[in-house]
Amino acid sequence: MPDGHPWPRISIVTPSYNQAHFIEETIRAILLQGYPDLEYTISEDCSTDNTMEVVRKYEPWLQVVTADENGGMSKAINRAWMKTTGGIVTWISSDAVYLPGAFQRVAMTYRQNTAAGEIVGGFRFMDAGSRLTSAVIPPRLPQGSPSDLTLQDPESWRLHQVSTFYTRPALQTSGFHVREDLKHNMDRELLYRVCRSFPITLVHE
């Protein structure tokens, strides 16, 4: 890093089931960051399309964790998270991408805010043809943190999973898992747990 410290390891997990049409763009958006200490894992749930044909092209640069059956996104995330070693950990769906330079920006922010439980940036929507369809939507948390988000108006804050990176101490303190009984809001429930005990650092990019 510019101050002489080693770049922190970033562990990214992509849960995937029948996402052959999108997953290559996700993989390339991660690997082509050029980040010097990246641990990338695809958590594959017995896809019936040609997802694995796409993934195998990139096996020299990533790990693959497979299951015997499709157990859902939460199980896929947890299965791969157990194998991560990074100081910064997150997941990204197989139909989303990171913009260039994202990991370096996260690492620099982490270096300046080592007590943070999460680093959350802005995001943009894109369509199925990879065309960006919105301006940058910045994160917002007007009440500050740590705090109990369940007691705040949900319209007052916005912390989007696709631009969220967790620190390992925060995950370890908060259980290091997403709830497998939740199919759609596992990200928000984890956010509630982490935010109760740790400050969240916002990056408006």
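1. F176 sits in the loop between α5 and α6, where helices (H or I, at least four residues) and strands (E, at least two) are DSSP runs numbered from the N terminus. Although F176 is not a glycine, its phi is positive, at about 50 degrees. This is a predicted model, in which local features need pLDDT of at least 70 and side-chain atom pairs count only at pLDDT 80 or more, while totals for chains, interfaces and linings use all residues. Residues are numbered from 1 along each chain as its sequence is written, and side-chain values use heavy atoms, with hydrogens and water left out.

2. Which ring pairs with that of F176? The partner is W81, and because the two ring centres are 5.7 Å apart with the planes at 85 degrees, the pair is edge-to-face. Rings of Phe, Tyr and Trp (its six-membered ring) pair if their centres lie within 6.5 Å, and planes under 30 degrees apart count as stacked, over 60 as edge-to-face and the rest as tilted. W81 belongs to helix α3 (residues 73–81) and F176 to the loop between α5 (168–174) and α6 (186–197), so the pair ties together parts that are 95 residues apart in sequence. Both W81 and F176 are buried, a word that stands for under 20% relative accessible area, with exposed meaning over 50% and partly exposed in between (1.4 Å probe, protein chains only).

3. The structure holds 10 aromatic pairs. One of them joins Y98 and F103 edge-to-face, with 5.1 Å from centre to centre and 70 degrees between the planes.

4. Leaving aside neighbours within four places in sequence, the contacts of Y98 (heavy atoms within 4.5 Å) include I12, A29, W91, F103 and F165.

5. Which residues of α4 are buried? They are A102, F103, V106, A107, T109 and Y110. These residues cover an arc of only 165 degrees around the axis, which puts them on the same side of α4; the arc is that of the directions from the helix axis to the C-beta atoms.

6. The second largest pocket has about 250 Å³ of space. On a 1 Å grid over the protein atoms alone, a pocket is an open set of points where a 1.4 Å probe fits, with protein on both sides within 12 Å along at least five of seven lines, and lining residues have an atom within 4 Å of a point. Among the 21 lining residues, P15, S16, Y17, G72 and M73 are the closest to the centre of this pocket. α3 gives the most to the lining, with 4 residues.

7. A cis peptide bond, with omega about 0 degrees, joins S145 and P146, and P146 is found in the loop between β5 (118–120) and β6 (164–167). S130 lies in that loop too, and S130 has a positive phi of about 70 degrees although it is not a glycine. S130 is partly exposed, with a relative accessible area of 33%.

Notes
Points joined across faces, edges and corners; volume = space filled by probe spheres on them.
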